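Reader: I would like to go through some side-chain contacts with you. Could you begin with a charged pair?

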Amino acid sequence: MQRIFELVGHIVLTHLANIGRITLLYGETMRQVTQRLRVRSIVYQMAHLGADSLLIVGLTLLFTGVVLTLQIAHEFIRYGAQSTIGAVIAIGIGRELGPVLVGVVCAGRVGAAITAEVSTMKVTEQIDALRVMAVSPVNYLIVPRMLACMIVVPILTVFGDVIGVLGGYITAVHYSGISPYTFTHSITQFAEIYDMTGGLIKAIFFGNVIAVLGCHYGLNAPNGAEGVGKATMQTVVTSIIVIFILNAVLTFFLF
């Protein structure tokens, strides 16, 4: 019994210490944001992290819109509610599915890339070299990636929302037999602009979380190739869990 309590206590203390390190890193990052910004580095990270994610985001949201329409169109038509299908698809993707799925995709694609880069720099002692040259690793590495993610993830969310609604439109019109006017008119009648902007607010927070967690696990990666892989895995898993928790909290306050 004593060993069980010791094990539980060790796990709790380990997680609390990890949360403390993340909090301190986040505070230092927010302080460094007010310092000199490396605009060229931010633009490079936006191109590197964002443009390369367009294809996977587009495919994910396209087939999400298709499947969502396939699931609800038949039932809505049976109960005479086909005039609301377009709005339901647009609101569901704009508020929840768009930002959450983009966040999950970016956690796997962008978060893993950030952790792999930073942890490799740590293992090869490049971060120590930055400190020797009196360059802040937080300002040089974390701030550009955090700001880039906070810009790129909402842009990817807009792109994904449009592709998802387009997939729903194609399925509803060419498979379920709903007229194009009925689909588009329901969006203009029932959906509001805040259904989109609320999702974008979520996406900004998701991008922030992905970048900070990716850099945190990269900076604290164990030495060796195995440590890089372990840090990358921790980033993806933790980011996805935090995104789902944060989504529930933000949904409560935003909608």
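Author: Glu117 and Arg145 join their side chains in a salt bridge, 2.9 Å from N to O. The term denotes a side-chain nitrogen of Lys or Arg within 4 Å of a carboxyl oxygen of Asp or Glu. This is a predicted model, in which local features need pLDDT of at least 70, side-chain atom pairs count only at pLDDT 80 or more, and totals for chains, interfaces and linings use all residues. Residues are numbered from 1 along each chain as its sequence is written, and side-chain values use heavy atoms, with hydrogens and water left out.

Reader: Which helices hold Glu117 and Arg145?

Author: Glu117 is in helix 4 and Arg145 in helix 6, so the bridge ties together parts 28 residues apart in sequence. Helices here are DSSP runs (H or I, at least four residues), numbered from the N terminus.

Reader: Is Arg145 buried or exposed?

Author: Arg145 is buried, at 6% relative accessible area, while Glu117 is partly exposed at 26%. Buried means under 20%, exposed over 50%, and partly exposed in between (1.4 Å probe, protein chains only).

Reader: How many salt bridges are there in the whole structure?

Author: The search finds 6. One of them joins Arg95 and Asp195 at 2.8 Å, N to O.

Reader: Turning to rings, how many aromatic pairs does the structure hold?

Author: It holds 2. Tyr169 and Phe183 form an edge-to-face pair, 5.5 Å centre to centre with 75° between the planes. Rings of Phe, Tyr and Trp (its six-membered ring) pair if their centres lie within 6.5 Å, and planes over 60 degrees apart count as edge-to-face, under 30 as stacked and the rest as tilted.

Methods:
Helices (H or I, at least four residues) and strands (E, at least two) are DSSP runs, numbered from the N terminus.
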